[in-house]
Amino acid sequence: MAKLKSTYVCSECGYESAKWYGKCPGCGEWNTMNEEMISTSSASKTVKRSTSAVQSVMKLKDITNDVEKRISTGIKEFDRVLGGGIVEGSLVLLSGDPGIGKSTILLQICEYIGKDKSILYVSGEESANQIKLRANRLGVTTDNLSLLSQTDVGSIVEVIRAEKPDVVIIDSIQTMTYDECSSSAGSVTQVRECTNIFMHTAKSFGIPIFVVGHVNKDGAIAGPKVLEHIVDTVLYFEGERNYSYRILRSVKNRFGSTNEIGVFEMQSRGLVEVENPSLLMLSGRPKNISGTCVACVMEGSRPILAEVQGLVTATGFGTPRRMSTGFDYNRMAMLLAVLEKRAGYFFNSMDAYINVVGGLRLDEPAADLTVAMALVSSLKDIVVADDVLAFGEIGLAGEIRAVNNCEQRVQEAYRLGFTRCIIPFNNYKSLSKELKINVDIVPVRTIRDAFKALTEE
């Protein structure tokens, strides 16, 4: 009979200890050490299993270099983030805020995949009738979709072994339980063991498995970091509740790039892919208003144009207020300091606000020049022309540093009707002659040069 022993596990990083700590020695978080009961017989089972692994050792030269097989989801934006489609035998973790559309998009891809492949949808949160109602609303009518309301991992694996579906969806991993673990569902031990079992199942049968994961109050995936290390691909759904746009971002991908994003719009019939996000982000842009400027940032291999709005007004308090939405607050404070020290624009008695329209978040340093121009435009009440685009990284000395993929950014701006681009001086030589003819390129070395370009005819 297996014996149980008490151990303390950190709910944030998975650090295990024989005694309780107020502060986790692994990640430094407070009050995250939870007591769990672990079976002592699990170690002996692991040793017995590991001895059989010697028989499957293969030489690198003996392994055939077959082309990986991918399954298309029918949604181009989803395929882009996955690296071209679903890889057979892969384990994909899809995470995001509650109600952002994780279950919706997984049910939508079932309609396309179900045309010629079988799908097993395992839900630990909803009954089969509830899933049926959601499927009717989304227009999912495929005959190859099977539903299973179950939380026991052993029973689910037996069903997978018997049915042998082409794709499996687990919604969600925090509701799954493994009977050999005495802790409750959603605990660190349960999440880790259940994910390991699904990983072995996916690799053994060559079946791709999608796993839905919840997030904690900080927006990170709930459970230990080891959960992200086990899976092959980690996808994040991003977006604000007040906006209808959703961004699917790849954080980890063993079979593709981790820089790609997919843009979706939530509608009554579900998530609809946005093939031209730049045009969508610029729709409804105000005309002849100071404090707005357009940025071009790279999301993977795709250039995206976004409108940056700045508002500078006299403060009514002793300390001026700073607010930033969609742009890093600390970087905004740094840009304000550089503008005061290097360019002579004083904001010490002014409230400053930055907003990126559409719910997009600009994490790339290339957006520095756009933010600075929006702030100065509002401060001096100078209108940035509608056909002007600016991008570039600003250093502490006030210099404009070069950015990557400059030609691709300018081409996207020209395609959307922008005729003038303010870019870093060091990027000017790399542009093609044809692009220099079609677009008025203004290379600048410092932020002073960039602001002078606003008043030029």
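Two strands pair if DSSP finds at least two bridges between them. By that rule, this predicted model holds an open sheet of 9 strands with mixed pairing.

**Confidence**

The protein averages a pLDDT of 87, and 91% of the residues score at least 70.

Strand E8 (145-149) and strand E14 (270-273) are the edges, and each pairs on one side only. From one strand to the next, the twist averages 25°.

Strand E11 (residues 233-238) runs antiparallel to strand E12 (residues 245-253), and 6 bridges join them. Leu235 stands opposite Ser250 in E12.

A helix also packs on this sheet: H5 (residues 153-163). Helix H5 touches strand E7 (119-123), E8 and strand E9 (167-171). The direction of H5 makes about 170° with that of E7. Edge strand E8 is thus among the strands that H5 touches.

| Helix pair | Residues | Crossing angle | Axis separation |
|---|---|---|---|
| H3 and H4 | 102-113 and 128-138 | about 70° | 10 Å apart |
| H9 and H10 | 329-343 and 368-380 | roughly 60° | within 10 Å |

Helices H3 and H4 pack at an angle of about 70°. That makes H3 roughly perpendicular to H4. H3 passes H4 in a right-handed crossing. From H3, the contact is made by Ser103, Thr104, Leu107 and Gln108. From H4 come Ile131, Arg134, Ala135 and Leu138. By class, the contact of H3 with H4 has 4 nonpolar, 3 polar and 1 charged residues.

The axes of H9 and H10 cross at roughly 60°. That makes H9 oblique to H10. H9 passes H10 in a right-handed crossing. On the H9 side, the contact is made by Arg331, Leu335, Leu336 and Leu339. On the H10 side, the residues are Asp368, Val371, Ala372, Leu375 and Val376. The contact of H9 with H10 divides into 7 nonpolar, no polar and 2 charged residues.

Terms used: Residues numbered from 1 in each chain as written. Predicted model: local features only at pLDDT ≥ 70, side-chain atom pairs only at ≥ 80, totals over all residues. Heavy atoms only, no water. Axes fitted to C-alpha atoms, helices over the stretch in contact; angles between N-to-C directions. Helix = DSSP H or I, 4+ residues; strand = E, 2+ residues; numbered from the N terminus. Parallel < 35°, antiparallel > 145°, perpendicular 65-115°, else oblique. Left-handed = near helix turned anticlockwise from the far one by under 90°. Contact = heavy atoms within 4.5 Å. Nonpolar A, V, L, I, M, F, W, Y, C, P; charged D, E, K, R; others polar. pLDDT = per-residue confidence, 0-100.
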